[in-house]
Amino acid sequence: MEDADLEKLMRAGLAGDAGAHHRLLVALTPVLRRLAWGVLPQDAHHLAEDVVQETLLVIHLKRASWDRNRPLMAWVRVILRHKAIDALRRRRGGHEPVEDLADSLPDPATPDPLAGHMLEQMLSRLTTRDAALIRAHALLGRDEAEIQRNFGLSAGAMRVALHRALNRLKAMAQKDETE
C-alpha cells in the first residue's frame, strides 16, 4: 500500500470511519515490522514485535495529534524509532541515557535506511531556497564560494541564510520529536 493510501485511511479514520482506522492499522503492521527490523540492532530483533505493537498503540491513541499537512509515514517513523529506543532501554534494565545505547544501535558507518528519507521529508517542508542551501552545504559538501555563486549571495548573506535555514530545520525536528 502506498503512503498516500495510508494517509487516506488515516484521514478517514480521523473523520470517524472506524473501518478505515482498522484497515490503516492492519496495513501498517507489516510496514512497521520491516522498519523495526531495520532500526533495531541484530541482537535485538526479538524486540521487533514489541516495538511494532507499542507503535501501533501510540498511533491509535495519539492519532489526533498527526498534522494532516505533513506526511503520515514521517510521523509513524519517529514514533517507531522512539519505541525502539525505549525497548533497548528496557532490555538493559532501569534508566539509561540514550548516549549509552550507542553500542546497541546499528553501526553508525552503516547508513540508516530511514535517515535519508526522513531528512528529505523534512527538507520538503522548508522553502525551496532553504532546502537547496542545506543540501548544497551539509549534504553535498559544496564549498562556500560555489554556494555563493549559485545562489547569488555575498559571503555574509550566505552565512545568514544558511544559519536561518538550519534553525528552521532544527525547530521542525524538535517539534516532530515532541509530537
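User: Why is the pair K83 and D86 called a salt bridge?

Analyst: The closest N and O atoms of K83 and D86 are 3.5 Å apart. A salt bridge needs a side-chain nitrogen of Lys or Arg within 4 Å of a carboxyl oxygen of Asp or Glu. The K83 and D86 pair meets that cut-off, so the label holds. This is a predicted model: local features need pLDDT of at least 70, side-chain atom pairs count only at pLDDT 80 or more, and totals for chains, interfaces and linings use all residues. Residues are numbered from 1 along each chain as its sequence is written, and side-chain values use heavy atoms, with hydrogens and water left out.

User: Where do K83 and D86 lie?

Analyst: Both lie in helix α4, three residues apart, about one turn of the helix. Salt bridges with shared partners join K83, D86 and R89 into one network. Helices here are DSSP runs (H or I, at least four residues; strands are E, at least two), numbered from the N terminus.

User: What makes D86 partly exposed?

Analyst: Its relative accessibility is 24%. Buried means under 20% relative accessible area, exposed means over 50%, and partly exposed is in between (1.4 Å probe, protein chains only). D86, at 24%, therefore counts as partly exposed.

User: How do you know that R91 and D43 form a salt bridge?

Analyst: Their side chains meet at 3.7 Å, N to O. That value is within the cut-off, so the pair qualifies. R91 lies in helix α4 (residues 72-92) and D43 in the loop between α2 and α3, so the pair ties together parts 48 residues apart in sequence.

User: Which label does each of these two partners get, exposed or partly exposed?

Analyst: R91 has 31% relative accessibility and counts as partly exposed. D43 has 53% and counts as exposed.

User: What does the salt bridge between E49 and R33 tie together?

Analyst: The closest N and O atoms of E49 and R33 are 2.9 Å apart. E49 lies in helix α3 (residues 48-62) and R33 in helix α2 (residues 18-39), so the bridge links parts that are 16 residues apart in sequence. E49, at 33% relative accessibility, is partly exposed. R33, at 36%, is also partly exposed.

User: How many salt bridges does a search of the whole structure find?

Analyst: Nine.

User: How many helices and strands does the protein have?

Analyst: Eight helices and zero strands. Buried residues make up 38% of the 179 residues.
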